[in-house]
Amino acid sequence: LLALMLASGAAEQAMAQWASLFAELGLGVSKAMGDLLGPCLFAVAMGTTRLFYGKFGERFRLTRLIGLSAALCVVSFLIVSLVPNAIISLLGCGLCGVSVAILWPGVLSLSARDCPQGGTAMFALLALAGDVGCFVGPDLVGAASDALGGGSTGVKLGMLAALVFPVMLFAALFILRRLRMKQKDA
């Protein structure tokens, strides 16, 4: 659960923190316009998805929804980093907002369900893991971008490096599923 939370925060903030510069460099717009296009598209998509989940979330199996979100997150990072068209890449930022929207609240809900005796300490550790992810995600994009020459190409390749976080989500979900199966067998 801690790995899920770390990867959730990292995937979300890797895109959120770099979307402005990504839009600015990719579209050749001013910093102010990049700030409006990148992060706003990401935030509106994420907020709309969270609103939808808040209204209709009980209709979905949470672990499957987190898995679907992780898959969508992989697709969004691939679009952002590999599609040469700047407009489509920017739409990938919005798609990433959709994909990460359920991750943080979903992991909290999974934790409450799977560890009912976890209490305050569990949620404090989950918050810490999420905050570490919020630091590590953007830092990895920046370090990879700098190492690969910066500029538009460097940022795109930095976003490609951040693909490690949705992959980490899949691995953590797999481990969680295996642990649940062991508990049922015991």
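A salt bridge is understood here as a side-chain nitrogen of Lys or Arg within 4 Å of a carboxyl oxygen of Asp or Glu. In this predicted model, the side chains of Arg 113 and Asp 114 meet that criterion, with N to O at 3.3 Å.

## Overall architecture

The chain has 8 helices and 0 strands. Its pattern along the sequence is accordingly α-α-α-α-α-α-α-α. The radius of gyration is 17 Å, close to the 16 Å that the globule rule gives for 186 residues, so the chain is as compact as a globular protein of that length. Taken along the principal axes, the C-alpha atoms fill a box of roughly 55 × 35 × 25 Å.

Of the 186 residues, 42% count as buried. The chain exposes about 9400 Å², and carbon and sulfur atoms supply 70% of that area. Among contacts between residues at least 6 apart in sequence, 76% join residues at least 24 apart.

In soluble globular proteins, nonpolar side chains tend to be buried together. In the present model, the largest nonpolar core has 44 residues, and those with the most contacts inside it are Leu 4, Met 15, Phe 77 and Val 100. At least two residues of this core come from each of α1, α2, α3 (62-82), α4 (86-100), α5, α6, α7 (151-161) and α8. The largest share, 12 residues, comes from α1.

Leu 4 illustrates the contacts made by one of these residues. Neighbours within four places in sequence being left aside, Leu 4 is in contact with Val 107, Leu 110, Leu 169, Ala 172, Leu 173 and Leu 176.

Pro 166 lies in helix α8. Its relative accessible area is 0%, and Pro 166 is therefore buried. Beyond its neighbours within four places in sequence, Pro 166 is in contact with Ala 70, Cys 73, Val 74 and Phe 77. Phe 77 is also among the residues with the most contacts inside the largest nonpolar core. Pro 166 and Phe 135 are 31 residues apart in sequence, and their C-alpha atoms are 16 Å apart in space.

Ser 111 is found in helix α5. This residue likewise has 0% relative accessibility and counts as buried. When residues up to four places away in sequence are not counted, Ser 111 touches Leu 1, Met 122 and Leu 126.

## Salt bridges

| Arg 50 | Glu 12 | 3.6 Å |

The side chains of Arg 50 and Glu 12 meet in a salt bridge. Arg 50 lies in helix α2 (residues 31-56) and Glu 12 in helix α1 (residues 2-27), so the pair ties together parts that are 38 residues apart in sequence.

Through shared partners, the salt bridges join Arg 113, Asp 114 and Arg 180 into one network. Each member counts as partly exposed: Arg 113 at 46% relative accessibility, Asp 114 at 29% and Arg 180 at 22%.

## A nonpolar surface patch

Leu 2, Leu 125, Leu 128, Val 132, Phe 135 and Val 136 make a nonpolar surface patch of about 530 Å². Helix α6 (residues 119-147) gives the most to this patch, with 5 residues. Val 132, a member of the patch, is found in helix α6. Its relative accessibility is 35%, so Val 132 counts as partly exposed.

Key: Residues are numbered from 1 along each chain as its sequence is written. This is a predicted model: local features need pLDDT of at least 70, side-chain atom pairs count only at pLDDT 80 or more; totals for chains, interfaces and linings use all residues. Side-chain values use heavy atoms; hydrogens and water are left out. Patches are made of residues with over 30% relative accessible area and no salt bridge: like charges are joined within 9 Å, nonpolar side chains (Val, Leu, Ile, Met, Phe, Trp, Tyr) within 5 Å. Accessible areas come from the Shrake-Rupley method with a 1.4 Å probe; for residues, only the protein chains shown count as cover. Helices (H or I, at least four residues) and strands (E, at least two) are DSSP runs, numbered from the N terminus. Buried means under 20% relative accessible area, exposed over 50%, partly exposed in between (1.4 Å probe, protein chains only). A nonpolar core is a set of buried Ala, Val, Leu, Ile, Met, Phe, Trp, Tyr and Cys residues joined through side-chain atoms within 4.5 Å. Contact means heavy atoms within 4.5 Å. The radius of gyration is taken over C-alpha atoms; the globule rule is 2.2 Å times the number of residues to the power 0.38.
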